[in-house]
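Good morning, and thank you for coming. Please look at the sequence and the model on the screen while I speak.

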Amino acid sequence: RFLDITSCGCYRKEATAIRSTKHGNAKRKHKTGAYRSWQAMHQRVKTDPNYINREICERWCGEQGFENFLADMGDRPDNWTIERLKNDLGYYPENCVWANKLTQANNTSTVVKITIDGESHTIAQWCRIKGISYPLYKQRVKRGWDSVKALTEPVDIKKSFKRK
């Protein structure tokens, strides 16, 4: 019987938490990364003017929305967030993946991609591939070099050391 239990009140809190919990990912102060990403996705679409025309698939909304999202996306890796593969489309299982910050930075609408020998990459990616620092690339372009030459011209080691 409930009246026979002597408690400081924590029993009632635990019983209420158990009764109210559907999936265990949204416990107060202990929300999982996947749950926070799912929640943030819905908040962005509702309030951010940049996301006004972005939709969230019906499967990820409503009563079973989070459970379906978790089933489709899996648990979120640490320090990763949800990434839309095509920025002009909404949030759908076939358009979303978990991605790290570098991957996300390379998939923004403002990033510039350059094609060299049929291969397209961002400027930052080309700098890493070609072994040229980004400041050197910027300096070369500022001097009037075209982007491809600025990325493909080898660094002259003799000029990179200052004479005393």
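Which residue lies over the face of Y91? R84 does, at 5.2 Å from the ring centre. A charge counts as sitting over a ring if NZ of Lys or CZ of Arg is within 6 Å of the ring centre and within 35 degrees of the ring normal. The charged end of K149 likewise sits over the ring of W145, 4.7 Å from its centre.

A word on method. This is a predicted model, in which local features need pLDDT of at least 70, side-chain atom pairs count only at pLDDT 80 or more, and totals for chains, interfaces and linings use all residues. Residues are numbered from 1 along each chain as its sequence is written, and side-chain values use heavy atoms, with hydrogens and water left out.

The pLDDT, the predictor's confidence in each residue from 0 to 100, averages 84 over the chain, and 79% of the residues score at least 70. Helices (H or I, at least four residues) and strands (E, at least two) are DSSP runs, numbered from the N terminus.

I turn now to the nonpolar cores. Such a core is a set of buried Ala, Val, Leu, Ile, Met, Phe, Trp, Tyr and Cys residues joined through side-chain atoms within 4.5 Å. Buried means under 20% relative accessible area, exposed over 50%, and partly exposed in between, with a 1.4 Å probe and protein chains only. The largest core has 16 residues, and W38, M41, W60, F69, M73, I82 and Y91 touch the most other members. Helix α2 (33-47), helix α3 (65-73) and strand β4 (96-99) each supply at least two residues of this core, and α2 gives the most, with five. A second, separate core of eight residues includes I114, I116, W126 and L151.

Next, the aromatic rings. Rings of Phe, Tyr and Trp (its six-membered ring) pair if their centres lie within 6.5 Å; planes under 30 degrees apart are stacked, over 60 edge-to-face, and the rest tilted. The structure holds seven such pairs. F69 and W98 form an edge-to-face pair, 5.9 Å centre to centre with 90° between the planes. Why does this pair tie together parts that are 29 residues apart in sequence? The reason is that F69 lies in helix α3 and W98 in strand β4. F69 is buried, at 0% relative accessible area, and W98 is buried at 12%.
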